[in-house]
Amino acid sequence: MATIAKGSFTVDMSPQGEADTRDGVSLGRLSLRKRFDGDLDATGEGQMLTAMTPVKGSAAYVAIERVTGALAGRAGAFVLQHTGTMDQGAQQLSITVVPESGTGGLAGITGALRIRIADGQHFYEFEYTLPTDA
């Protein structure tokens with residue numbers, strides 16, 4: 001049975017080199033650093049690739065992020081895969097746990113994370129499952 005963890009997070013993104021811009025489309029690479037608070041007490045580190053188009057509200061990103069910390073009283077780490085697309089402002093976002101990426105007390109974790117941004121603050125809901133024998 002899935003459990004839902006909730007809380008907030010802060011994120012710091014730093015460009016990694018100059019963006020490659022041609023024909024109005026800009027490809028970029030950024031490093032990610034996050035701090036999760038709430039039910040997930042962890043840090044996240046990763047890499048993001050972006051594509052920004054000349055059309056306002058149309059862009060995409062992919063990212064891989066290693067999350068290290070504690071969840072449900074278990075310490076360990078796992079990896080999240082991000083895929084995001086905006087089509088003239090309409091957003092689609094998928095953030096899922098990479099299969100078999102869990103370590104330590106989080107070995108065997110599966111799940112998906114949802115993000116909500118309100119008044120400049122970031123919030124998460126992480127629906128996950130952990131093996132009962134870990």
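The legends below describe close-up views of a predicted model. Local features are reported at pLDDT of at least 70 and side-chain atom pairs only at pLDDT 80 or more, while totals for chains, interfaces and linings use all residues. Residues are numbered from 1 along each chain as its sequence is written, and side-chain values use heavy atoms, with hydrogens and water left out.

**View 1. Salt bridge between E65 and K34.** A salt bridge is taken as a side-chain nitrogen of Lys or Arg within 4 Å of a carboxyl oxygen of Asp or Glu; by this rule the count comes to seven. In the pair shown, the closest N and O atoms of E65 and K34 are 3.2 Å apart. The pair links distant parts of the chain, with E65 in strand β5 (residues 59-71) and K34 in strand β3 (residues 25-38), 31 residues apart. Strands (E, at least two residues) and helices (H or I, at least four) are DSSP runs numbered from the N terminus. E65 is buried, at a relative accessible area of 0%, and K34 also counts as buried, at 9%. Buried means under 20% relative accessible area, exposed over 50%, and partly exposed in between, using a 1.4 Å probe and protein chains only.

**View 2. Salt bridge between R114 and E127.** The N to O distance for R114 and E127 is 3.7 Å. R114 belongs to strand β9 (residues 110-118) and E127 to strand β10 (residues 121-129), so the pair ties together parts that are 13 residues apart in sequence. R114 is partly exposed, with 39% relative accessibility, and E127 is partly exposed, with 35%.

**View 3. Network of R35, D37 and D41.** Salt bridges that share partners join these three residues into one network. Within this group, the side chains of R35 and D41 meet in a salt bridge at 2.2 Å, N to O. R35 counts as partly exposed, at 29% relative accessibility, and D41 is partly exposed as well, at 40%.

**View 4. Positive phi at Q88 and D119.** Q88 is not a glycine, yet has a positive phi of about 50°. Q88 sits in the loop between β6 (74-87) and β7 (90-97) and is exposed, with a relative accessible area of 61%. D119, likewise not a glycine, has a positive phi of about 50°. The loop that holds D119 runs between β9 and β10, and D119 is exposed, at 80% relative accessible area.

**View 5. The largest pocket.** About 560 Å³ of space lies in this pocket. On a 1 Å grid over the protein atoms alone, a pocket is an open set of points where a 1.4 Å probe fits, with protein on both sides within 12 Å along at least five of seven lines. Grid points are joined across faces, edges and corners, and the volume is the space filled by probe spheres set on the points. Lining residues have an atom within 4 Å of a point. Of the 21 residues that line the largest pocket, M48, Y61, Q91, L93 and I117 are the closest to its centre. Two or more lining residues come from each of β1 (3-15), β3, β4 (40-52), β5, β6, β7 and β9. β6 gives the largest share, four residues. The lining divides into 13 nonpolar, seven polar and one charged residue, where Ala, Val, Leu, Ile, Met, Phe, Trp, Tyr, Cys and Pro count as nonpolar, Asp, Glu, Lys and Arg as charged, and the others, Gly among them, as polar.
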